[in-house]
Amino acid sequence: MSRPLAPEEFTARLRALSSRYWDDHPFHLRLHAGALGEHELRSWAANRWYYQRRIPQKDAAILANCPLPEVRRRWRERIAWHDGERAGEGGAENWLRMAEAVGLSRQEVLDERHVLPGVRFAVDAYVTFARTKPWVEGVASGLTEMFSRGLMARRLADMRERYPWIAEDGFAYFTSRLAVVADEGKSTLDIVVRHCRTREQQDAAVAALAFKCDVLRAILDAVDYHASGS
Ligand SMILES: O=C(O)c1cc(C(=O)O)c2c(n1)C(=O)C(=O)c1cc(C(=O)O)[nH]c1-2
């Protein structure tokens, strides 16, 4: 049995997976360059909706598997952030506003008619991962958030500049997400480093983060393939 990695080395291995993150996916590059047509932006927003709407279920699965109140207390805030305290509030609602701002009706987003099979398979695999793996691996799979802040800030600036027809209200998701994502990423890393004590657990956490990078890339592969054929 290998000895556990020191926290710095373990953290460095997790951070090294940033090269597998979806920030440089060709679809994101085109999004940032202002090269997407309106129908492609709509497909992106409608398909990302499926990811957004499944995230609270993924987080609830982690909560259900976690026996530690101190972790659950921190984790449950995520569900509240996405779902809001009441109808008409929260991250999911803000994503719907983004979808409307790019020209979709709320109904066609909610009934998921635009959700592509590949997106559904990838996102569902993420939820199943959280349901069936040890809770700390579920937490580790969320560590892509360590990489997402810069990407989201760039996306917000580029979309405001390159798609000026999108009303500012449509960007509420990203402005509100940017306000919490750095703290969430730090808190997630803290939980993973603290609770992965054996080398096997550390290796499993690295594998969980690699799996999640693949989930995200698979989502955009499906959207990109569909866009190029339409
Ligand atoms: O816009 C993005 O690029 C991006 C990336 C990620 C991510 O890296 O997983 C998330 C989000 N956004 C996001 O908005 C979000 O709520 C979120 C939750 C999670 C997660 O795994 O629990 N990732 C992400």
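Which residue just after α5 takes a positive phi? It is G103, with a phi of about 110 degrees. Welcome to a quick tour of this predicted model, which holds eleven helices and zero strands. The notes below start with the whole protein and then visit a few helices and single residues.

**The whole protein**

- Of the 230 residues, 35% are buried.
- If you take the contacts between residues at least 6 apart in sequence, 82% of them join residues at least 24 apart.

- Helix α2 covers residues 26–33, and its buried residues are F27, H28 and L31.
- These three cover an arc of only 100 degrees around the axis, which puts them on the same side of α2.
- The other side of α2 carries P26, L29 and A33, which are exposed.
- What do the buried residues of α2 pack against? Their partners are α3 (38–65) and α11 (199–229).
- Just after α2 comes G34, whose phi is positive at about 80 degrees.

**Helix α3 beside α7**

- A pair of packed helices is described by the angle between their axes and the distance between the axes.
- For α3 and α7 (residues 117–132), the angle is about 10 degrees and the axes are 8 Å apart.
- The two helices, α3 and α7, are therefore roughly parallel to each other, as the angle falls under 35 degrees.
- On the α3 side, the contact is made by N47, Y50, Y51, R54, Q57, K58, A61 and I62.
- On the α7 side, V119, R120, V123, Y126, V127, A130 and R131 take part.
- By type, the residues of this contact divide into nine nonpolar, two polar and four charged.

**P56, a proline within α3**

- Helix α3 also contains P56.
- How many other C-beta atoms lie within 10 Å of P56? There are 18, and P56 is partly exposed.
- Leaving aside residues up to four places away in sequence, P56 touches I79, H82 and D83.
- P56 and A80 are 24 residues apart in sequence, while their C-alpha atoms are 8.3 Å apart in space.

**Helix α5 and its partners**

- Helix α5 runs over residues 91–101, and its buried residues are G91, N94, W95, L96, M98, A99 and A101.
- These buried residues pack against α3, α4 (69–83), α6 (106–110) and α10 (172–195).

**E112, a positive phi without glycine**

- Most residues other than glycine have a negative phi.
- E112 is a residue other than glycine with a positive phi, near 60 degrees.
- Where does E112 lie? You will find E112 in the loop between α6 and α7.
- E112 counts as partly exposed, with 14 C-beta neighbours inside 10 Å.

How values were computed:
Residues numbered from 1 in each chain as written. Predicted model: local features only at pLDDT ≥ 70, side-chain atom pairs only at ≥ 80, totals over all residues. Buried ≥ 20, exposed ≤ 12 C-beta atoms within 10 Å, placed from the backbone. Helix = DSSP H or I, 4+ residues; strand = E, 2+ residues; numbered from the N terminus. Arc of directions from axis to C-beta. Contact = placed C-beta atoms within 7 Å. Axes fitted to C-alpha atoms, helices over the stretch in contact; angles between N-to-C directions. Parallel < 35°, antiparallel > 145°, perpendicular 65-115°, else oblique. Nonpolar A, V, L, I, M, F, W, Y, C, P; charged D, E, K, R; others polar.
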